[in-house]
Amino acid sequence: MKTIKINEQFKEDYIRVLNHIANLFFEDSKIATSHDEADMVIQFNYSIDDNYTIHTASELTVEGQTYKSNYSINYATEGTEKEQGIRMKRALSHVMLDVLEQYTGMTQEWGILTGVRPTKLYHNYRKQGLTDQQIAEILKSDFRISDAKIELMKEIVDRQLKTIPDLDGIGKEISIYIGVPFCPTKCAYCTFPAYAIGANRKHGRVESFIDGLHIEIRAMGKWIKENNMNITSIYWGGGTPTSIEAEEMDALYKTMFESFPNPETIREITVEAGRPDTITPEKIEVLKKYGIDRISVNPQSYTDETLKAIGRHHTVQETIDKFWLSRNSGMNNINMDLIIGLPNEGIEEFQHSLDESAKMQPESLTVHTLSFKRASEMTRNKDKYKVADRNTVSKMMDMASSWTKENGYVPYYLYRQKNILGNLENVGYSKPGEESIYNIVIMEEVQTILGLGCGASTKFVNPETGKITQFHNPKDPAAYIMTFEEAIEKKVEMLEDLYNVQLSK
C-alpha cells in the first residue's frame, strides 16, 4: 500500500476523489492528511479569481525528487456551490494525475475519468448541441482523455444512435431486468447474486423463489398495462437463468407474455445462458417456443486450466459443443464473453481464445477486463490468483480491438469498473445490426429499468430531468422469498411518483 500525504484542510469528498486518482497508479493507496510516515507528499495550491478562473498547482515529493504541475481553467459563470465543488475537484485531479504520471512513467489514457460510463458524458455534451470536434476538445483538455479513447467513445455513440434512432426519447418507455440467482457453481471473480442451485433446490428455495417471481411479474405487468407503457427490452440475467429446469423456464416465459402488454412491440428479449453447462436441447426448445433467439454462451476463456482455476465447472469443449447446439437449433443472435487478464493467462492464451472465437463468429463478443471486485473470492484471496501485468493486459486489449475489426465487428457499448486491470475498460462488440438494445439503454441510463427477481436493481430515470433513483431487491433467495411482496408495493409507489405527471398528460 502507498500512503500519500496531502493538505490537511481537504474535506472527505475531496480526499475520496484524489484517492480514486491515486488508485489508478497504485494498488490499495491511502490518502492521509496527517501522517508522519508517508511514502510521498503532494502539496496542493488552489484558488478562484474574479473571472471565474480556477488555478491549481501540485508538488510531489518522493524519494528525494520533486515533480510539479500547474493547471488553470476558465468558466463563463460562477456556478452553483455544487458546480464549484465539482470544478475544483476536477482541477485538483488534473495536477495530481500529472505529477503521478511524471513520477511513475505511466500514461492514463482515460485521464482523470474514473466513472463507469464514459460514453454517457459524450452523450450529455452531444445533447447540449456541441459538435464532435468541440466534444473532443473538452474531453482532451478538461479530462485529459487520449485521442484513441475519444475516438472509441465517438464510434460507440454513433453506433448507438444508429441502433436506437429514438435514443433521446426512449425514456417514455421502460425496460425489464429479471434476475434468477442460481448457477451450477460460483465463479471466483463474480459478485453477482449467484447461489449453487443444487443446495438451494434441496432446501426448497428454488421453487419458492420461482413462485414469488411469477407473482412479481404479474403485479408489475398489471401496473405497466394499466398505465399504457411500452416495454423496450427484457433481459433475463442472474446468476444463470438457464440453471432452472426447462419446464420452470416455460412457465415463467408464459407468465411474462401473459402479463406484459403488447409483446409484439418489445424490441428485444435476451436470456443469459452464460454457463454452457446449463444449456440443453429441451431448454433451447423452450426459448424457440417463445421466439427468443438472443442468448449468451460465455466461454470467458478457451483454456481448461483457467476455467478450473476460476471455478467454472465446464470444459472448453462443452462451450464449443453448446454453441453449435444453440446455433444449429435456431439461435440466431448469440453473444459470447471473453475476459482479459484471468489467472495465469497471457498473450498466448488470449490469442488462442480469439482464434477459437473466429471459428464460431458469434453475433456479438463482449471483451471484459478482469476487475478485482470487493466481495469476490478472487479479491479475498489475491495471492492465490496470479494475473497479468499492466502492459500485458493493454496488449491483450489491443489484440481484441484489432481482431474484432478484422472479423467485421463494431464497438457499441462500453463501461469501466473500479480496480480494473490496467485502468482499461469493458467493450461490447457486435456484427452491424446485431447490437443489444438492453446493453445500450442500461449503460447510457436513458430510461427506467424495472428490476424483478433476486438481486435485481430498479433504476428509475426521470424522462424529463434524467434524475436517477434506485431500489434494490434482496440478493439472497431466502430474503427475496420473505420480502418480494413489500418490494412490489415499493416499486409501484416509486413508479407512480415518477410517471404520474407524464402519464396524465
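**Reading a cavity and a helix pair**

Biologist: How do the residues lining the largest cavity divide by class?

Modeller: Five are nonpolar, two polar and one charged. Ala, Val, Leu, Ile, Met, Phe, Trp, Tyr, Cys and Pro count as nonpolar, Asp, Glu, Lys and Arg as charged, and the others, Gly among them, as polar. This is a predicted model, with local features needing pLDDT of at least 70 and side-chain atom pairs 80 or more, while totals for chains, interfaces and linings use all residues. Numbering starts from 1 along each chain as its sequence is written, and side-chain values use heavy atoms, without hydrogens or water.

Biologist: How many cavities of 30 Å³ or more does the search find, and which residues line the largest cavity?

Modeller: Rolling a probe the size of a water molecule over the atoms shows where empty space is left. Here the search of the whole structure finds one cavity of 30 Å³ or more (on a 1 Å grid, points where a 1.4 Å probe fits but cannot get out). The largest cavity holds about 40 Å³, the space filled by probe spheres set on the points. Thr242, Ala273, Ile279, Lys283, Ile284, Leu287, Ile295 and Ser326 line the largest cavity, each with an atom within 4 Å of a point. Helix H9 (residues 281-289) gives the largest share of this lining, three residues; helices are DSSP runs (H or I) of at least four residues, numbered from the N terminus.

Biologist: At what angle do H3 and H4 pack?

Modeller: Two packed helices are described by the angle between their axes and the distance between the axes. Helix H3 (residues 118-127) packs against helix H4 (residues 132-143) at about 130°, with axes 10 Å apart. H3 is therefore oblique to H4.

How values were computed. Axes are lines fitted to C-alpha atoms, for helices over the stretch in contact, and angles run from 0 to 180 degrees between N-to-C directions. Helices (H or I, at least four residues) and strands (E, at least two) are DSSP runs, numbered from the N terminus. Angles under 35 degrees count as roughly parallel, over 145 as roughly antiparallel, 65 to 115 as roughly perpendicular and the rest as oblique. On a 1 Å grid over the protein atoms alone, a cavity is a set of points where a 1.4 Å probe fits but cannot get out, and a pocket is an open set with protein on both sides within 12 Å along at least five of seven lines; lining residues have an atom within 4 Å of a point.
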